[in-house]
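Take a look at the structure below and turn it around a few times. Then let's walk through it together.

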Amino acid sequence: TTRMQHVVMRLAQEEQRVAQQRAQRGQPPNAQEIQRYLIARFQEAMGEIETQVYGKYNTNEEQVRAAVDFYEDDKELVKAVYTLKSLYNAVMGHQQDLPEVPEHITMQKVLQVLEGTMELLRSTAQEIRDELAGSGVDQHTSPQEFSMQFQPLYAAAIEKARAKLLKDNGIEQDTVLQAAVVKYQQYEEFTVALKKLTEEHNAKMHELGFGVSGQ
């Protein structure tokens, strides 16, 4: 889900860029045209992620669907699937049941939480990378072994830390944060600030030797 969230953030940047280009050419915003463009980019990005994941774990769509059916009562799986579907629906423009955004969750609060999430991604990636390096598993000399050990540790640590971050900021569940992002994305102040945060985060992740998804 972390990789998909990054895809959604990048699409928000793309949306702003396309709108600005149209404005510079003196063309009025065309919501349907922009939406079609973003959907195509989203599907392309998700296809690339799907191919990478299948290759990494030597599996395919049929096996994944079978596993999802087998573990359909697993609480963690249900939560992950719901988050992925919510993000997918947000990009594709489908209606979804997002909760009401409480008054105390302001635009500044949302940006603060998103910034904190990005800081968690970086610090956790660096910490786990150093731990694995200390045990002889290096991301450069043993990339495949590193990835296999890194990903589950990283995902578990991020989920635990992010849950605490949300709670500390008075956000009861992840869907409330998603609803707040949807609410504030219509404001240029929010999209500009989010773009800046994301670019800074991506640059710092590259300095650590990772891509934006923590790989």
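What follows is a short tour of the helices, the salt bridges and a charged patch.

First, a word of caution: this is a predicted model. Read from the N terminus, the elements run α-α-α-α-α-α-α-α. The chain has 215 residues, and 37% of them count as buried.

**Helix H5**

Let's start with H5, which covers residues 107-134. H5 has 28 residues, so at 1.5 Å a residue it should span 40 Å; its end C-alpha atoms are 41 Å apart, which agrees. Just after H5 comes Gly 136, with a positive phi of about 95°.

Gln 108 sits in helix H5 and counts as exposed, because its relative accessibility is 54% and the cut-off for exposed is over 50%. Along the sequence, Gln 108 and Ala 193 are 85 residues apart, yet in space their C-alpha atoms are 9.8 Å apart. Glu 131 also has its place in H5. With 49% relative accessibility, Glu 131 is partly exposed. Its C-alpha atom is 9.7 Å from that of Phe 150, a residue 19 places away along the chain.

**Salt bridges**

How many salt bridges turn up in a search of the whole structure? The search finds three. Here they are:

| Acidic residue | Basic residue | Closest N to O distance |
| Asp 130 | Arg 129 | 3.2 Å |
| Asp 168 | Lys 164 | 2.8 Å |

Take the pair of Asp 130 and Arg 129, joined by a salt bridge. Asp 130 is partly exposed, at 42% relative accessibility. Arg 129, on the other hand, is buried, with a relative accessible area of 17%.

The remaining pair, Asp 168 and Lys 164, stays within helix H6. The two are four residues apart, about one turn of the helix. An α-helix has 3.6 residues a turn, so residues three or four places apart point the same way. Asp 168 is exposed, at 52% relative accessibility, and Lys 164 is exposed too, at 53%.

**A negative patch**

Finally, have a look at the surface. Which residues gather in a patch of negative charge there? They are Glu 115, Glu 119, Glu 199 and Glu 200. Helix H5 and helix H8 (188-207) each supply at least two residues of this patch. One of the members, Glu 199, is in helix H8. Its relative accessible area is 40%, so Glu 199 counts as partly exposed.

**Looking back**

Helices H5 and H8 both contribute to the negative patch.

Technical notes. Residues numbered from 1 in each chain as written. Predicted model: local features only at pLDDT ≥ 70, side-chain atom pairs only at ≥ 80, totals over all residues. Heavy atoms only, no water. Patch = residues over 30% accessible without salt bridge, like charges linked within 9 Å, V, L, I, M, F, W, Y side chains within 5 Å. Areas by Shrake-Rupley, 256 points an atom, 1.4 Å probe, with all protein chains shown as cover. Salt bridge = Lys/Arg side-chain N within 4 Å of Asp/Glu carboxyl O. Lys, Arg positive; Asp, Glu negative; His and termini not counted. Charge placed at Lys NZ, Arg CZ, Asp CG, Glu CD. Buried < 20%, exposed > 50% of the residue type's maximum accessible area, 1.4 Å probe, protein only. Expected span 1.5 Å × (residues − 1).
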